[in-house]
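The model under study is shown here.

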Amino acid sequence: MNRGAQAVVMVFLGGAILRASVTDVYLRYVKQGLRPFLIVAGVLLVVTALAALWQEFRDHRRTGEEHDDGHGHHHSGPAVGWLLLLPAVALLFVAPPALGADTAARAGSALTGNQDTAYPPLPPGDPARLTLLDYGYRAVYDNGRTLRDRQIQLTGFIAPGPDGQPMLARIILSCCAADGIPIKIGLGGDVPQLPADTWVQATGRWLPHTAKDPVNDSDIPYFQVDAWQKVNPPAEPYE
């Protein structure tokens with residue numbers, strides 16, 4: 001591709017990054033703290049691309065003719081190079097969904113290794129709202145000590161378990177969606193029989209039972225569901 005075509009691709013790519021960054025769409029790709037870096041990157045791409053287009057325009061005005069190889073053949077590069085524009089256009093106009101039940105089914109749960117430790121008591125007031133990861137740590141590595149006799153509230157999406165029964169799951173990010181791994185919570189009691197990727201808010205109690213994840217042999221703690229309700233997917237879907 002010539003310099004002008006490359007600049008057009010950069011404009012679309014930078015615009016797509018900026019569009020995602022000024023809305024909540026970027027949260028489907030990276031952690032919240034990376035937003036300023038995305039904005040800076042998008043601005044730099046757009047400014048650089050516009051400068052390149054201006055320079056290309058000035059060069060054409062100065063020469064007054066197309067550059068060729070001396071035989072009247074225009075050097076524009078292979079047309080297939082324009083396919084590089086497709087990912088940028090797709091990112092600009094199509095927002096893919098966040099990682100969900102499919103990732104939870106294919107990847108092993110995050111609770112691996114031996115991390116036995118004492119966790120602080122939960123804050124007063126029931127139900128205590130916990131992330132799935134916090135609940136999992138307390139249930140597995142603290143033997144549910146701080147969860148006993150407490151009402152707990154968890155929010156996640158429905159994912160099919162290895163036994164075909166619904167689980168509650170959420171994706172955990174270290175940096176971006178490429179390193180996302182699921183935390184899985186088995187369910188007992190009033191189990192929501194809903195399609196995969198349906199978000200629910202479940203209230204219940206610690207269940208002294210664990211199972212093994214067949215993907216990586218990690219522990220899957222369980223949760224006794226007393227009540228649940230469907231909720232909209234959160235703006236920040238990852239933990």
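I looked up the partners of β2 and found that four bridges join β2 to strand β3 (residues 166-172), the two running antiparallel. Helices (H or I, at least four residues) and strands (E, at least two) are DSSP runs numbered from the N terminus, and two strands pair if DSSP finds at least two bridges between them. This is a predicted model, in which local features need pLDDT of at least 70 and side-chain atom pairs count only at pLDDT 80 or more, while totals for chains, interfaces and linings use all residues. Residues are numbered from 1 along each chain as its sequence is written, and side-chain values use heavy atoms, with hydrogens and water left out.

Within β3, I noted M167 as the bridge partner of A159. β2 and β3 form a hairpin with five residues between them, and G164 in its turn has a positive phi of about 85°.

I next checked β5, which runs antiparallel to β2 over six bridges; there V200 stands opposite G156.

For the loop between β4 (181-189) and β5 (199-212), I recorded P195. P195 is exposed (over 50%) at a relative accessible area of 56%. Its C-alpha atom is separated by 9.8 Å from that of A101, 94 residues apart along the chain.

Definitions and conventions. Buried < 20%, exposed > 50% of the residue type's maximum accessible area, 1.4 Å probe, protein only.
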